[in-house]
Amino acid sequence: MGVSIERILEKEIMSDKEQAACYAKADFSVSNQFFVDSLIKYSNLFIYVLDLGCGPADVCIRLAKAKRDIGILAVDASQPMLELAKDAMVNAKIKYKIKFKKEYLSDLKLIDDYDLIISKDLLHHLPDPMILWNKIKEFSRPGTIVYVMDLIRAESKEKAKQIVETVSGNESETLKQDFYNSLLAAFTLDEIKQQLTQANLDKKLTVEQVSERHFIVKGKL
Ligand SMILES: C[S@@+](CC[C@H](N)C(=O)[O-])C[C@H]1O[C@@H](n2cnc3c(N)ncnc32)[C@H](O)[C@@H]1O
């Protein structure tokens, strides 16, 4: 499957209130539950979890329900997203399991290291993808599990439109436009492999296409 178009950057932070609300309302249950189920099948030997680019925290909440003994630090730079995430956590009745931090990934400083670092659909927002891989190295220790899922760039604008209509045809126009932009801002599998090599993570992390539009990078550091 050859990719014929260049990456088109989209807005990095989802800081617009309406955009964040449309994202939180949209139904990503299939890909979010797939992420959680496949992660736990891969390994459930973790307690302290770091989620980079948590958005409205649907992934964190599903993970906290699936594995009750964990604590999650969820990071995002968007205030509207974090407000939606806190509401969602209260509604899900899992108080205290998730702590939130508003910070740009590039500015994030943490004193702890983590058993598991996850990130879903953040990478394609970053103008410089190496920030994610370098921060993963910074916040890990030997044995930390890494589980990153993101979109694969569509082969063409027509293909991106087709994917949006098939997957999110019933969602709001704002959500559909965001999804379209994301499919053009995402990376190819070859680009991901190059990023892992550049970060010196290619011996420990593998990349695998898991659906028509998603890949997972996983491994133990
Ligand atoms: C597409 S959402 C994904 C949210 C969530 N992980 C999910 O899968 O539902 C991407 C999130 O990453 C956040 N984000 C983008 N760039 C960021 C950065 N440099 N630092 C922190 N958060 C960032 C956005 O604000 C947005 O909430």
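The legends below describe close-up views of a predicted model.

Local features require a pLDDT of at least 70 and side-chain atom pairs a pLDDT of 80 or more, whereas totals for chains, interfaces and linings use all residues. Residues are numbered from 1 along each chain as its sequence is written, and side-chain values use heavy atoms, with hydrogens and water left out.

**View A. The shell around the ligand.** The ligand is surrounded by 19 residues, each with a heavy atom within 4 Å of it. E12, G53, D76, L105 and K120 are the closest. By type, the shell comprises 10 nonpolar, four polar and five charged residues, with Gly counted as polar and Asp, Glu, Lys and Arg as charged.

View B. Polar contacts are pairs of N or O atoms within 3.5 Å. The side chain of E12 places an N or O atom 2.7 Å from a ligand nitrogen. A backbone N or O atom of K120 also lies 2.7 Å from a nitrogen atom of the ligand, and a polar backbone atom of A77 is 3.3 Å from a ligand nitrogen. The protein buries 98% of the 600 Å² that the ligand exposes when taken alone (Shrake-Rupley method, 1.4 Å probe).

**View C. Pairing of strands 2 and 3.** Strand 2 (residues 71-76) runs parallel to strand 3 (residues 98-102), with five bridges between them; pairing requires at least two DSSP bridges. Within this pair, A74 stands opposite F100.

**View D. A salt bridge between E191 and R153.** Their side chains meet at 2.9 Å, N to O; the criterion is a side-chain nitrogen of Lys or Arg within 4 Å of a carboxyl oxygen of Asp or Glu.

Terms used: A polar contact is a pair of N or O atoms within 3.5 Å; within protein, one must be able to donate a hydrogen and the other to accept it, and residues adjacent in sequence count only if both atoms are side-chain atoms. Helices (H or I, at least four residues) and strands (E, at least two) are DSSP runs, numbered from the N terminus.
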